[in-house]
Amino acid sequence: MTDRTHLIVALVFDGYETLDLHGPIEMLGHAPNTEIIIVSEKEMAKSSQGTMLFCNSQIDSTIPCQLFMTVGGMGTRTEISNAKLINWIQAQAAVSEKVFSICTGSALLAKSGVLDGISATTNKLAYQWVTSLNPQVLWQAKARWVNDAKFLTSSGVSAGIDASLAYIAETFGYDEAKRIEAITEYQWNDDADNDPYTNLTK
């Protein structure tokens, strides 16, 4: 671990799932020297739950970073056909040290082609839809999250919190992840193979 700024770029869009973003950001924001940039096509994004979020950067250019994360939500059903966004995701992934998707955010990564040949997972309730988008991805039906090379993909909604703590453990050390678990009073599932929602896959 160094004193350099740990830059996180988080992509949102209208119809994003609130906890997909704010759960991981809560955890990641406690890590040392972390700066978070929220990126969208517009200055404001509205979540599926109706909350409005100010986005401090737009997808006009890429931002080299340590972690690029994209969330899921019902909005992904529309955004998979957004060529400008998909092209930007491909370019942004190339300048990011690690790429992290939460829930159906993996649908956007799959459409961009960056997950070809990579083991990945997604929301179990949307599993058949997401996996149908790109058969070149090595989809894992039973996984709370999957960490393969520079790609970290998590299952549905709250799984992103578990995966973000796993990323913190990998990047900043296990003790740091446990410290953040304690101060947020969150019971961390730190076993990627402990996936209690596999039976929801459809």
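The following legends describe an overall view and several close-up views of a predicted model of one chain.

**Conventions.** In this predicted model, local features need pLDDT of at least 70 and side-chain atom pairs count only at pLDDT 80 or more, while totals for chains, interfaces and linings use all residues. Residues are numbered from 1 along each chain as its sequence is written, and side-chain values use heavy atoms, with hydrogens and water left out.

View 1. Helices (H or I, at least four residues) and strands (E, at least two) are DSSP runs, numbered from the N terminus. Along the principal axes, the C-alpha atoms fill a box of roughly 40 × 40 × 35 Å. Of the 202 residues, 55% are buried, where buried means under 20% relative accessible area, exposed means over 50%, and partly exposed lies in between (1.4 Å probe, protein chains only). Among contacts (heavy atoms within 4.5 Å) with a separation of 6 or more, 70% join residues 24 or more positions apart. The chain exposes about 8,600 Å², of which carbon and sulfur atoms supply 50%; accessible areas come from the Shrake-Rupley method with a 1.4 Å probe, and for residues only the protein chains shown count as cover.

**View 2. Helix 4 and the elements packed around its buried residues.** Seven of the eight residues of helix 4 are buried, so this helix is largely enclosed by the rest of the structure. The buried residues are Gly 105, Ser 106, Ala 107, Leu 108, Leu 109, Ala 110 and Ser 112, and they pack against strand 6 (65–70), helix 2 (76–79), helix 3 (83–94), strand 7 (96–101), helix 5 (127–132) and strand 9 (138–139). After helix 4 comes Gly 113, which has a positive phi near 90°.

**View 3. Ser 106 within helix 4 (residues 105–112).** Ser 106 has a relative accessibility of 0% and therefore counts as buried. When residues up to four places away in sequence are not counted, Ser 106 touches Ser 101, Leu 115, Thr 121, Thr 122, Val 130 and Trp 139.

**View 4. Helix 6 (residues 159–172) and the glycine that follows.** Helix 6 has 14 residues and reaches 20 Å from its first C-alpha to its last, close to the 20 Å expected at 1.5 Å a residue, a span defined as 1.5 Å times one less than the number of residues. Because 12 of its 14 residues are buried, helix 6 is largely enclosed by the rest of the structure; among these buried residues are Ile 161, Leu 165, Tyr 167 and Phe 172. Helix 6 is followed by Gly 173, with a positive phi near 110°.

**View 5. Tyr 174 in helix 7 (residues 174–183).** With a relative accessible area of 42%, Tyr 174 is partly exposed. Its contacts, not counting residues up to four places away in sequence, are with Ala 169, Trp 188 and Asp 190. In the segment after helix 7 lies Glu 185, which has a positive phi of about 50° although it is not a glycine. The relative accessibility of Glu 185 is 76%, so Glu 185 counts as exposed.

**View 6. Strand 10, with Asn 147, and the loop that contains Ala 149.** Asn 147 is partly exposed, at 40% relative accessibility, and touches Lys 98, Leu 152 and Glu 170 when residues up to four places away in sequence are not counted. Ala 149 is found in the loop between strand 10 (145–148) and strand 11 (151–154), where its phi is near 55°, a positive value in a residue other than glycine. Ala 149 is exposed, with a relative accessible area of 59%.

**View 7. Ser 48 in the loop between strand 3 (44–46) and strand 4 (52–54).** Ser 48 is partly exposed, with a relative accessible area of 36%. Leaving aside its neighbours within four places in sequence, Ser 48 is in contact with Gly 15, Tyr 16, Glu 17 and Met 74. Ser 48 and Val 130 are 82 residues apart in sequence, and their C-alpha atoms are 18 Å apart in space.
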